[in-house]
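Here is a short report on a protein chain.

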Amino acid sequence: FRSRAEAYKAILMEQIRAEEEIYRQDELKRLQQEEEKKLQRNKQEEIRKGLEKEEREAREKAEKEAREKSEKEAREKVEKEGVPIQFIEFKEEKFAISAEAKKFFSSITNEITVIGVVGIYRSGKSYLMNRLFRSQAGFNLGGQQTGCTKGLWSWTRKEEGKTVVLLDTEGFSDTANGPDYDSHLFILATLLSSYLIYNIKSVIDESTLGQLGFMSQIADKICTKKPGKTETGETIHHHFPKLMMLVRDAQFQLKKDGKSINP
C-alpha cells in the first residue's frame, strides 16, 4: 500500500510539474506576445511621430515661405510706393521734424514736389491724399469723431524722375487744440508745399476766408532778400505754393444773377 501511495504521489507531482511547465510556457508566450505588441506599438508611434514631424516641418516650411514672400512683397511695395511717416510732430510745446523724416529726406538728392492739404478735421483730407497716389491705404483713416492725423505726415514716391511728397496735416478746429496751434500748422503747410489744397466741406465760410487772409499776412512777414537789401516782393511767389480750393459735397448751384459761374 505504501509503494502504491508513493507511486501515486510521484504521478501527481509529475502532473503538477507538467501543468506548471505548461503555465510557465503559456506565461512566457504571453509575455513575448505583449513584448511584440509593445514593440509594434512603439514602432507605430515612431512612424506616427515621424509623419507628424514631416507634416509639421512641411507646414512650417510653407508658412515660412509664405511669410518670406509676404515680407518680400511688402518690402518691394515699400520700395516702390513708400509708406507714410511722421514728418513734423508736436512735443514739448513746439513743432519739430521727426528723426525718421530728417534721416529720410536728407537722403533725397533729386527735385522734390510737395503737395500739401489743409482743412477742418474729419473732412476727408487723408482719404483725398491716398487717392492722389491711387491707393486705398496709406495715410491712416480714422472712424472716430476726433481727428486721427497728428502733426504733419508725409508720403513719398518717385514719379517721372522727381520725388513727389504728399503732406497730410492735422485738421483745424479740433477741440483738443487751440487757435494758435492751427495757425502754426497752416504756416508750416504753406511754406513747405509746392501745391496746397485747401479742403472745404460743403461751403466756403468765414473761417476759411480768415485762414486765406492769414496767408497774405504771412507773405507780409517773409523776407526773401539778404539783410541790407530792399524787399520788393517780386520773388515772394517763389516761396508760396500754388493754391487749390477744393469744395467737397457741395449741394448748391453755381449761379449768379441767373447765370452759371465757374467755381
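This is a predicted model: local features need pLDDT of at least 70, side-chain atom pairs count only at pLDDT 80 or more; totals for chains, interfaces and linings use all residues.

Phe105 has a value of 18%. That puts Phe105 under the 20% cut-off, so Phe105 counts as buried.

The two rings form an edge-to-face pair. Their centres lie 5.3 Å apart, and their planes meet at 85°.

## Phe133 and Trp155

Phe133 and Trp155 also make an edge-to-face pair. Here the centres are 5.0 Å apart, with 85° between the planes. Phe133 sits in the loop between H3 and E4, while Trp155 belongs to strand E4, so the pair ties together parts 22 residues apart in sequence.

## Helix H3

Helix H3 spans residues 125–132. Its buried residues are Lys125, Ser126, Leu128, Met129 and Asn130. Their cover includes strands E3 (112–119), E4 (152–159), E5 (162–169), E6 (195–201) and E7 (242–248). Just after H3, Arg134 takes a positive phi of about 55°.

## The whole chain

The protein chain has five helices and nine strands. From the N terminus, their order is α-β-β-α-β-α-β-β-α-β-α-β-β-β.

Of the 263 residues, 26% count as buried. Among contacts with a separation of 6 or more, 64% join residues 24 or more positions apart. The accessible surface comes to about 19,400 Å², and carbon and sulfur atoms hold 52% of that surface.

How values were computed: Residues are numbered from 1 along each chain as its sequence is written. Side-chain values use heavy atoms; hydrogens and water are left out. Helices (H or I, at least four residues) and strands (E, at least two) are DSSP runs, numbered from the N terminus. Buried means under 20% relative accessible area, exposed over 50%, partly exposed in between (1.4 Å probe, protein chains only). Contact means heavy atoms within 4.5 Å. Accessible areas come from the Shrake-Rupley method with a 1.4 Å probe; for residues, only the protein chains shown count as cover. Rings of Phe, Tyr and Trp (its six-membered ring) pair if their centres lie within 6.5 Å; planes under 30 degrees apart count as stacked, over 60 as edge-to-face and the rest as tilted.
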